Amino acid sequence: TKHTGLAFTPKHETNMAETKKKGELRSKFGADGNLRVSSGSNFEEMCSYSRAVVVGDVVHVSGTTGYDYAKGTIKTEAKDQAEQTFRNIANALKTAGSSIDRVFRIRVIISDRKYFAEIVPVVQKWMKIALPANTTIVSQLVTEEMKVEIEVTATTTRR
(Lines give C-alpha, C1' and ligand atoms only; values in the text may rest on other atoms or scores of the structure.)
Protein backbone atom coordinates (compact mmCIF):
# COMPACT_ATOMS: atom_id res chain seq x y z
CA THR A 1 0.00 0.00 0.00
CA LYS A 2 1.37 3.41 -0.91
CA HIS A 3 0.75 6.13 1.67
CA THR A 4 -0.68 9.36 0.29
CA GLY A 5 -1.10 11.23 3.56
CA LEU A 6 -4.19 11.87 5.62
CA ALA A 7 -7.29 13.00 3.77
CA PHE A 8 -8.27 15.68 6.27
CA THR A 9 -5.27 17.89 5.42
CA PRO A 10 -4.69 18.39 1.67
CA LYS A 11 -1.27 19.93 2.37
CA HIS A 12 -0.08 16.50 3.46
CA GLU A 13 -1.41 14.52 0.52
CA THR A 14 2.11 13.72 -0.61
CA ASN A 15 3.99 10.48 -0.81
CA MET A 16 5.96 9.66 2.34
CA ALA A 17 9.00 8.97 0.14
CA GLU A 18 9.13 12.70 -0.60
CA THR A 19 11.28 13.35 2.45
CA LYS A 20 14.40 15.45 2.41
CA LYS A 21 16.73 12.44 2.47
CA LYS A 22 14.55 9.54 1.32
CA GLY A 23 14.10 7.86 4.71
CA GLU A 24 17.51 8.64 6.16
CA LEU A 25 17.41 9.59 9.80
CA ARG A 26 18.58 13.05 10.83
CA SER A 27 19.39 14.40 14.27
CA LYS A 28 19.68 17.84 15.82
CA PHE A 29 19.66 19.38 19.27
CA GLY A 30 16.49 21.09 20.45
CA ALA A 31 16.28 24.39 22.35
CA ASP A 32 16.41 22.39 25.60
CA GLY A 33 19.74 20.79 24.61
CA ASN A 34 18.21 17.33 24.09
CA LEU A 35 18.98 15.42 20.90
CA ARG A 36 16.06 14.96 18.47
CA VAL A 37 15.99 12.26 15.78
CA SER A 38 13.76 12.58 12.72
CA SER A 39 12.92 10.04 10.02
CA GLY A 40 11.44 12.70 7.76
CA SER A 41 8.00 11.08 7.97
CA ASN A 42 5.08 13.29 6.94
CA PHE A 43 3.42 12.34 10.24
CA GLU A 44 6.33 13.89 12.17
CA GLU A 45 5.99 17.13 10.25
CA MET A 46 2.20 17.22 10.41
CA CYS A 47 2.00 16.51 14.15
CA SER A 48 5.21 18.36 15.19
CA TYR A 49 7.09 15.53 16.87
CA SER A 50 10.43 13.74 16.72
CA ARG A 51 10.93 10.04 16.03
CA ALA A 52 13.13 9.92 19.13
CA VAL A 53 14.34 12.28 21.85
CA VAL A 54 17.36 11.66 24.07
CA VAL A 55 17.04 13.02 27.61
CA GLY A 56 20.13 12.30 29.67
CA ASP A 57 20.93 8.62 29.16
CA VAL A 58 17.40 7.68 28.09
CA VAL A 59 16.04 7.48 24.52
CA HIS A 60 12.29 7.91 24.10
CA VAL A 61 11.13 6.59 20.71
CA SER A 62 7.71 7.81 19.56
CA GLY A 63 5.03 5.44 18.40
CA THR A 64 6.41 3.97 15.18
CA THR A 65 4.56 2.13 12.44
CA GLY A 66 5.56 -0.17 9.61
CA TYR A 67 6.10 2.37 6.86
CA ASP A 68 9.23 1.98 4.81
CA TYR A 69 10.17 5.67 4.83
CA ALA A 70 12.56 5.37 1.90
CA LYS A 71 9.89 3.85 -0.35
CA GLY A 72 6.82 5.50 1.20
CA THR A 73 5.02 2.17 1.42
CA ILE A 74 3.49 -0.07 4.07
CA LYS A 75 2.88 -3.80 3.68
CA THR A 76 -0.56 -5.25 4.35
CA GLU A 77 0.32 -8.09 6.75
CA ALA A 78 0.65 -7.27 10.48
CA LYS A 79 3.80 -9.40 10.86
CA ASP A 80 5.47 -7.55 7.97
CA GLN A 81 4.48 -4.21 9.49
CA ALA A 82 5.91 -5.30 12.85
CA GLU A 83 9.23 -6.26 11.20
CA GLN A 84 9.49 -2.89 9.43
CA THR A 85 8.46 -1.10 12.62
CA PHE A 86 11.33 -2.72 14.51
CA ARG A 87 13.76 -1.85 11.71
CA ASN A 88 12.58 1.77 11.93
CA ILE A 89 12.97 1.73 15.72
CA ALA A 90 16.43 0.11 15.55
CA ASN A 91 17.57 2.82 13.11
CA ALA A 92 16.22 5.59 15.35
CA LEU A 93 17.92 4.06 18.40
CA LYS A 94 21.24 3.77 16.55
CA THR A 95 21.05 7.40 15.46
CA ALA A 96 20.28 8.36 19.08
CA GLY A 97 23.30 6.46 20.46
CA SER A 98 21.49 3.32 21.61
CA SER A 99 20.45 -0.08 20.30
CA ILE A 100 17.48 -2.41 20.24
CA ASP A 101 19.13 -4.53 22.96
CA ARG A 102 19.00 -1.57 25.39
CA VAL A 103 15.19 -1.26 25.30
CA PHE A 104 13.69 -1.49 28.78
CA ARG A 105 10.08 -0.49 27.99
CA ILE A 106 7.88 -1.36 24.99
CA ARG A 107 4.30 -0.49 24.18
CA VAL A 108 2.72 -2.40 21.31
CA ILE A 109 -0.53 -1.15 19.83
CA ILE A 110 -2.43 -3.36 17.39
CA SER A 111 -5.56 -2.30 15.55
CA ASP A 112 -7.31 -5.65 16.10
CA ARG A 113 -6.69 -8.47 18.60
CA LYS A 114 -6.57 -10.95 15.70
CA TYR A 115 -3.07 -9.59 14.91
CA PHE A 116 -1.64 -10.50 18.31
CA ALA A 117 -0.62 -14.09 17.45
CA GLU A 118 0.84 -12.87 14.15
CA ILE A 119 3.15 -10.29 15.72
CA VAL A 120 4.25 -12.21 18.84
CA PRO A 121 7.09 -14.07 17.05
CA VAL A 122 8.35 -10.76 15.65
CA VAL A 123 8.34 -9.12 19.10
CA GLN A 124 10.08 -12.18 20.55
CA LYS A 125 12.78 -12.06 17.86
CA TRP A 126 13.57 -8.37 18.38
CA MET A 127 13.20 -8.27 22.19
CA LYS A 128 14.80 -11.61 23.14
CA ILE A 129 17.93 -9.94 24.56
CA ALA A 130 16.37 -6.80 26.05
CA LEU A 131 13.38 -8.52 27.75
CA PRO A 132 11.68 -5.16 28.42
CA ALA A 133 8.56 -4.38 30.39
CA ASN A 134 5.73 -4.70 27.85
CA THR A 135 2.19 -3.41 27.48
CA THR A 136 0.09 -4.46 24.49
CA ILE A 137 -3.02 -2.45 23.63
CA VAL A 138 -5.77 -3.00 21.04
CA SER A 139 -6.85 0.34 19.58
CA GLN A 140 -7.67 2.00 16.29
CA LEU A 141 -4.67 3.58 14.60
CA VAL A 142 -4.44 6.78 12.55
CA THR A 143 -4.96 5.22 9.12
CA GLU A 144 -6.79 2.10 8.02
CA GLU A 145 -3.67 0.42 6.60
CA MET A 146 -1.79 0.68 9.92
CA LYS A 147 -2.09 -2.50 11.97
CA VAL A 148 0.87 -2.15 14.35
CA GLU A 149 2.43 0.76 16.23
CA ILE A 150 5.28 0.34 18.71
CA GLU A 151 6.82 2.79 21.16
CA VAL A 152 10.01 2.02 23.09
CA THR A 153 12.24 3.51 25.75
CA ALA A 154 15.92 2.56 25.97
CA THR A 155 19.15 3.59 27.63
CA THR A 156 21.99 5.04 25.61
CA THR A 157 25.25 3.22 25.14
CA ARG A 158 26.90 5.87 27.39
CA ARG A 159 25.37 4.22 30.44
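Author: Strand β7 is joined to strand β8 (residues 133-138) by 6 bridges, and the two run parallel; strands here are DSSP runs of E of at least two residues, helices are runs of H or I of at least four, and both are numbered from the N terminus. Two strands are taken to pair if DSSP finds at least two bridges between them. Within this pairing, Arg107 stands opposite Thr135 in β8. A further 7 bridges join β7 to strand β9 (residues 148-155), and here the strands run antiparallel, with Ile110 opposite Val148 in β9.

The model is a predicted one, in which local features need pLDDT of at least 70 and side-chain atom pairs count only at pLDDT 80 or more, while totals for chains, interfaces and linings use all residues. Residues are numbered from 1 along each chain as its sequence is written, and side-chain values use heavy atoms, with hydrogens and water left out.

Strand β7 itself covers residues 103-110, and because 6 of its 8 residues are buried, it is largely enclosed by the rest of the structure; buried means under 20% relative accessible area, exposed means over 50%, and partly exposed lies in between, with a 1.4 Å probe and protein chains only. Together with helix α3 (residues 116-127) and β8, strand β7 makes a right-handed β-α-β unit, where right-handed says that, with the strands pointing away from the viewer, the path from the first strand over the helix to the second runs clockwise.

Phe116 lies in α3 and is partly exposed, with a relative accessible area of 42%; leaving aside residues up to four places away in sequence, Phe116 touches Ile110 and Thr136, a contact being heavy atoms within 4.5 Å. Met127 and Ile100 are 27 residues apart in sequence, and their C-alpha atoms are 7.5 Å apart in space.

Helix α2 (residues 78-95) has 18 residues and reaches 26 Å from its first C-alpha to its last, close to the 26 Å expected at 1.5 Å a residue, the expected span being 1.5 Å times one less than the number of residues. Phe86 counts as buried at 0% relative accessibility, and its contacts, beyond four places in sequence, are Ile100, Ile106, Val122, Val123, Trp126, Met127 and Ile150.

The structure holds 1 aromatic pair. Phe86 and Trp126 form this pair, which is stacked, at 5.5 Å centre to centre and 10 degrees between the planes; rings of Phe, Tyr and Trp (its six-membered ring) pair if their centres lie within 6.5 Å, and planes under 30 degrees apart count as stacked, over 60 as edge-to-face and the rest as tilted. Because Phe86 lies in helix α2 and Trp126 in helix α3, the pair ties together parts that are 40 residues apart in sequence.
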